[in-house]
Amino acid sequence: MRGPHHPHCTRAHQAGALLLVAVTFLLTRLFSAPPPPFPTSRSHSATPGPWLDLTPHQDHLRIYVYDEDEIGGLRALLRGRDHTVSAATCLKGQWGTQVKIHQLLLKSRFRTLDKEEAHLFFVPSYVKCVRMTGALTDKEINNTYVKVLSQMPYFRRSGGRDHVFVFPSGAGAHLFRSWATFLNRSIILTPEGDRTDKRGISAFNTWKDIIIPGNVDDSMGKVGRLKLVELAKQYPDKLESPELKLSGPDKLGRVEYFKHLGNAKFCLAPRGESSWTLRFYESFFVECVPVLLSDEVELPFQNVIDYTEISIKWPSSKIGPELFHYLESIPEERVEEMIARGREMRCMWVYGPDTEPCSAMTAIMWELQRKVRRFHQSAQTFWLHNRSIVNRDLVEFHQWRTPVPLP
């Protein structure tokens with residue numbers, strides 16, 4: 001970790017120094033060239049290495065996407081009670097994934113318009129966004145979800161097992177207060193794998209749910225990384241903590257922020273309000289090795305990615321000089337190898353179409369294909385000798401009337 005002016009370079013560019021920028025922590029890596037551009041679905045869509053085979057089979061995965069006007073109340077979950085919230089409003093920030101996944105599924109080669117041939121059913125909603133904009137209250141979100149689900153006979157048929165929901169923020173499925181009653185069998189796509197620190201029970205289940213990448217189109221500032229802030233004060237030669245302006249004319253801009261990131265060899269990614277952190281994904285696009293400091297974090301696509309090849313996870317209880325010494329001991333060749341491997345697969349964090357050989361949507365489709373069941377049942381469905389599915393009153397499925405009793 002020797003800088004070009006060692007040992008007399010400035011503090012901001014000192015060999016082995018760590019930068020704290022927008023409450024992100026970085027170990028300095030000096031570049032002669034500017035950092036790479038921030039991701040778009042095209043600029044970082046390179047095909048990953050041969051260790052990834054993400055091509056799902058179209059015949060084995062057909063997804064029905066509910067239309068927002070198909071079911072009473074569903075539009076409110078996307079547009080708010082007065083239907084005034086636009087998709088463009090909800091596209092940015094940490095909740096942008098719920099819009100992107102919905103829009104990409106509408107154009108997906110795996111989409112079907114026939115419920116009978118569907119393997120899975122996607123229920124679109126932008127509830128994080130409409131809640132943040134005041135367009136729905138928590139009570140309204142809960143009541144609207146219950147109303148919507150009661151009008152879905154296919155949800156009733158499987159007990160929700162073949163229905164897919166996106167909850168894109170740290171709150172996860174807790175945005176729907178009654179999730180444990182109604183969505184405990186459904187497939188949930190979320191960047192958040194654990195909220196037992198605040199919620200008492202986690203809405204994420206490793207057997208049925210899928211961790212997705214955070215929305216890396218926008219910077220999402222977090223505060224409260226107190227251990228690292230204190231460490232910056234104790235070791236100013238190792239960790240720099242500039243006085244940041246998070247608003248006003250002196251606010252650190254997006255370009256400046258990523259220029260700082262681009263000077264790093266290691267990008268330290270502590271947890272935010274919850275266990276997942278957007279900084280982990282950003283690290284790959286500025287080409288530094290992410291060092292996770294979040295013990296409970298769940299990472300996406302663990303069926304195909306070996307994270308020991310591209311990142312480091314360090315115990316949060318060991319934040320201190322020991323961490324500095326460890327990072328300094330890593331051979332430069334290994335650092336460059338990890339960065340190169342990260343460069344190969346960062347396309348998996350980008351929400352491009354599932355027709356691309358490597359994108360977040362391609363990986364999500366691959367994961368969803370593994371969730372497909374040939375047969376659908378629940379405690380409230382029964383079947384007869386003629387292969388018909390019936391309810392407790394022996395009424396055939398296609399004659400069920402809404403609202404249906406919820407599982």
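Among contacts in the protein (heavy atoms within 4.5 Å) between residues at least 6 apart in sequence, 70% join residues at least 24 apart. This is a predicted model, in which local features need pLDDT of at least 70 and side-chain atom pairs count only at pLDDT 80 or more, while totals for chains, interfaces and linings use all residues. Residues are numbered from 1 along each chain as its sequence is written, and side-chain values use heavy atoms, with hydrogens and water left out.

The secondary structure comprises 13 helices and 14 strands, taken as DSSP runs numbered from the N terminus (helices: H or I, at least four residues; strands: E, at least two). Of the 407 residues in the protein, 55% are buried; buried denotes under 20% relative accessible area, exposed over 50%, and partly exposed in between (1.4 Å probe, protein chains only).

**The second largest pocket**

The second largest pocket holds about 270 Å³ of space. A pocket is an open set of points on a 1 Å grid over the protein atoms alone, where a 1.4 Å probe fits, with protein on both sides within 12 Å along at least five of seven lines; lining residues have an atom within 4 Å of a point. The volume is the space filled by probe spheres set on the points. Fifteen residues form the lining, and Thr206, Asp209, Asn303, Glu367 and Lys371 lie nearest the centre. The lining divides into seven nonpolar, three polar and five charged residues, with Asp, Glu, Lys and Arg counted as charged, Ala, Val, Leu, Ile, Met, Phe, Trp, Tyr, Cys and Pro as nonpolar, and the others, Gly among them, as polar.

**Helix H12**

In helix H12 (residues 332–345), the buried residues are Val335, Met338, Ile339, Gly342 and Met345. They lie on the same side of H12 because they cover an arc of only 130° around the axis, an arc of the directions from the helix axis to the C-beta atoms. Their cover includes strand E10 (264–270), helix H10 (278–286), strand E11 (289–293) and strand E12 (312–313).

**Two individual residues**

Trp383 lies in strand E13 (residues 382–383), and Asp82 in the loop between helix H1 (74–79) and helix H2 (96–106). Trp383 touches Phe375, Gln377, Ser388, Ile389 and Val390, not counting residues up to four places away in sequence. Trp383 counts as partly exposed at 45% relative accessibility, whereas Asp82, at 55%, counts as exposed.

| Pair | Separation in sequence | C-alpha to C-alpha distance |
|---|---|---|
| Trp383 and Glu396 | 13 residues | 9.0 Å |
| Asp82 and Ala135 | 53 residues | 7.4 Å |
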